[in-house]
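Biologist: I'd like to go through this one label by label. Can you show me the model, and then I'll ask where each term comes from?

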Amino acid sequence: EEEEEEEDLVIESQQVWTKDPYTQAELAKEPGGYYPVALPCGHVYNRSTVFHKGNRGYMLKACAVPGCSAKVPEDRDALPVHEEVRLMLRTKRPKAAQPQTQPDSVEL
């Protein structure tokens, strides 16, 4: 019975991130209707962060979360939209109605 309780705790402690780990900007639906995407490791970024190019190619080559060593795949167009974040953004209240302080992540 103790094992069942531990499994329940793991399921209940999922997090949905609200900020892009590289830019620290709020995750958002961007111009063109683009929603945040998930890297293979599961960390979520604004699409513009993943597709931003500098003089030497794409700026983001690996996940920016400390301790994560996942690389950004060559086929960036195949990165999936993070559905939980997309749903959160679609149901998000307007900025004026939100509290002044927000955590970097929210518990589900």
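Biologist: Which residues on the other side of α3 are exposed?

Modeller: R90 and T91 are the exposed ones there. Exposed means over 50% relative accessible area, buried under 20%, and partly exposed in between, with a 1.4 Å probe and protein chains only. Keep in mind that this is a predicted model, where local features need pLDDT of at least 70 and side-chain atom pairs count only at 80 or more, while totals for chains, interfaces and linings use all residues. Numbering runs from 1 along each chain as its sequence is written, and side-chain values use heavy atoms, without hydrogens and water.

Biologist: How do you know that the buried residues of α3 line one face?

Modeller: In α3, residues 83-91, the buried ones are V85, R86, M88 and L89. Seen down the helix axis they fall within an arc of 160°, so they line one face. That arc is taken from the directions from the axis to the C-beta atoms. An α-helix has 3.6 residues a turn, so residues three or four places apart point the same way.

Biologist: What makes F51 and Y58 an aromatic pair, and why edge-to-face?

Modeller: Ring centres of Phe, Tyr or Trp (its six-membered ring) must lie within 6.5 Å; planes under 30 degrees apart are stacked, over 60 edge-to-face, the rest tilted. F51 and Y58 come out at 6.5 Å centre to centre with 85° between the planes, hence edge-to-face. By this rule the count is 1 aromatic pair.

Biologist: Why are F51 and Y58 called partly exposed?

Modeller: F51 has a relative accessible area of 22% and Y58 has 26%, so both fall between the 20% and 50% cut-offs.

Biologist: Which charged ends sit over the ring of Y58?

Modeller: K53, at 4.9 Å from the ring centre, and R76, at 3.8 Å. The rule wants NZ of Lys or CZ of Arg within 6 Å of the centre and within 35 degrees of the ring normal.

Biologist: And Q24, why is that one partly exposed?

Modeller: Its relative accessibility is 46%, so Q24 belongs in the partly exposed class. Q24 lies in the loop between β1 (15-17) and β2 (37-38), and its phi is near 65°, a positive value in a residue other than glycine.

Biologist: How do you know what counts as a helix or a strand?

Modeller: Both are DSSP runs numbered from the N terminus: H or I of at least four residues for helices, E of at least two for strands. The protein chain has 3 helices and 6 strands, in the order α-β-β-β-α-β-β-α-β.
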